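Please look over the sequence and the structure below before reading on. The report that follows goes through selected residues, the surroundings of the ligands and the annotations taken from a record.

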Amino acid sequence: MTAAKTVFIRTFGCQMNERDSEIMAQLLGRCDCRLVSVPEAADLVLVNTCSIRDKAEQKVYSLLGHLRDVQAKYGRPRWLGVAGCVAQQEGERLIERMPVVNLVIGTQQFFRLPELLARLEHGEKHVVALDLSKDFVIPPFQHLLNSPSRADAASGAPVQRFVNIMQGCNNFCSYCVVPYTRGREISRPFADILEEVRLLVDQGTREITLLGQNVNSYGKTNQVAAGPRRFPDLLRAVAQVPGLKRLRFTTSHPKDLDLDLMRCFAELPVLCPHVHLPVQSGSNAVLARMNRGYTAEAYLGKVLELRRLKPDITLATDFIVGFPGETEADFAATLRLLETVRFASSFSFKYSDRPQARASQFPDKIPEDAKAERLAQLQEKQNEITFEYNRALPGRTVEVLVESAGENGQGRTPGNRIVHFTAASGQALPAPGALVQVRIDRAGPHSLTGTWF
Ligand code: 5AD
Ligand code: SF4
């Protein structure tokens, strides 16, 4: 018998990638493999990559360069693998550019990791699996991988977990590489998702985030998997799982956020009053060139409707500044939209050309220094607004789902804000998984601290 193979996984990018890495780790746990925490101790180092912006991609190349040095120095890792969006985008070119890479796994192929690893073990120098098909069927075993792992048994199941409900994207926003790297939208079967949630909740998970590039189109494209059911039906079904205390989802496309979904916020007590609704820009001309399929007015209309249905809902968003042709007036419209909505938080990025995306061919590229200037202005405004939300909190009591309880407790509010807290008068802290009321004592620009009574 051969010794157990050791694998080190490093993940870049979004929650989707985090979940994919988790699935790969779960698959490896079922064959003769063990995860290790340093690359020098690994037979295989697998880098799960992101190519959403050029900066993300460059980080991957610099890590690969570093791993090549580690290998030269320690003779380990034996093999270097690249998975995820950069793997899909670059394919064989990755090996040409970095011959030290042995394994390239595309975004629909990571389920095959054990088999691909076995091929390396049998002496193949380069193994490449890149098929990306609109007829891809998400392997039906994902939910079954969720029986407790040894790590969970030792430390207790995580309070918060992600459940993937679909892969890919059909929207083709003109700046975005995702439809090329992750392929067409494919939904997982309704029953598998429910089963996965049940398994996780049975193990002690209390908060589930349903994940997809555009969850609102769940079930719309490949109807076989979801049957006639759509995303709001899925939310309603998941919300019924006994023992689940909080439900979230990400990400939503504003053009597909319909009234049925909005009503779920009013209807389902476990659905957290928080939504991530990427707007990207406040200028209709820019939104049109981005191919977003809505106007700033339509977006604001949905925000009003959400707030009417669920007055305490908080909103988060994404912005891109410096999209090709973005004028000062366009950017001013983005700042106005930010001030009108007053997002509780936002992620903002400088536009980055992606080779496969249409906008890379658009004229009137914005110089880097102008993009940096706009980003700084936007972030300054957002920080003021976020701090204002925070400053309203001291003295108020918020509901916190406890995620860890060491010396201090840590958990999140329904609006997804992290709260650090202590117990009043020497009581023991509540265990992870408990829903408790915490009085907020202090609010910094990015942190909240409080007391549990
Ligand atoms: N340049 C900059 N930001 C981008 N995003 C997606 N593609 C690009 C790009 N080419 C941002 C969008 C999206 C988030 C995940 O990343 O804001 O919502
Ligand atoms: Fe990219 Fe647009 Fe799809 Fe989001 S909806 S993944 S931004 S193409």
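## A residue in helix α3

Q89 lies in helix α3, which covers residues 85–90. The model described here is a predicted one. With a relative accessibility of 8%, Q89 counts as buried, because the term applies to anything under 20%. Leaving out residues up to four places away in sequence, Q89 touches S51, E57, V177, T181, R354 and Q356. One of these, R354, also belongs to the residues that surround ligand 1.

## The surroundings of ligand 1

Ligand 1 is surrounded by I52, R53, Y175, Q280, D318, I320, F349, K350, Y351, S352 and R354. Sorted by class, this shell consists of 5 nonpolar, 2 polar and 4 charged residues.

In the side chain of R53, an N or O atom is 2.9 Å from an oxygen atom of ligand 1, and a polar side-chain atom of D318 lies 2.6 Å from an oxygen atom of ligand 1. On its own, ligand 1 has 400 Å² of accessible area, of which the protein covers 86%. The elements that contribute two or more residues to the shell are β13, spanning 314–321, and β14, spanning 345–350.

Which residues are found around ligand 2? They are C169, N171, F172, C173, Y175, C176, V178, P179, Q213, H253 and R292. By class, this shell has 7 nonpolar, 3 polar and 1 charged residues. Y175 is listed around ligand 2, and Y175 is also listed around ligand 1.

## The annotated cysteines

An unreviewed UniProt entry places the feature "binding site" at C169, C173 and C176, and in the model these three cysteines are among the residues around ligand 2.

C173 lies in the loop between β8 (166–167) and α7 (178–181), and at 8% relative accessibility C173 counts as buried. Apart from its neighbours within four places in sequence, C173 is in contact with H253, M290, N291 and R292; H253 and R292 are also among the residues around ligand 2. C176 is likewise found in the loop between β8 and α7, and C176 is buried as well, with a relative accessible area of 14%. Not counting residues up to four places away in sequence, C176 touches I52 and A357, and I52 is in turn one of the residues that surround ligand 1.

## The annotated N-terminal domain

The unreviewed UniProt entry also places the feature "domain: MTTase N-terminal" at residues 5–122. In the model, this span is 47% helix and 21% strand, and its end C-alpha atoms lie 13 Å apart.

Is A3 buried or exposed? A3 is found in the segment before β1 (5–11) and is exposed, with a relative accessible area of 62%, because exposed refers to values over 50%. Although A3 and D32 are 29 residues apart in sequence, their C-alpha atoms are 7.9 Å apart in space.

Terms used. Residues numbered from 1 in each chain as written. Chains lettered and ligands numbered in written order. Predicted model: local features only at pLDDT ≥ 70, side-chain atom pairs only at ≥ 80, totals over all residues. Heavy atoms only, no water. Near = heavy atom within 4 Å. Polar contact = N/O pair within 3.5 Å; in protein donor to acceptor, adjacent residues only side chain to side chain. Areas by Shrake-Rupley, 256 points an atom, 1.4 Å probe, with all protein chains shown as cover. Helix = DSSP H or I, 4+ residues; strand = E, 2+ residues; numbered from the N terminus. Nonpolar A, V, L, I, M, F, W, Y, C, P; charged D, E, K, R; others polar. UniProt positions renumbered as here; feature names shortened; annotations may be inferred. Buried < 20%, exposed > 50% of the residue type's maximum accessible area, 1.4 Å probe, protein only. Contact = heavy atoms within 4.5 Å.
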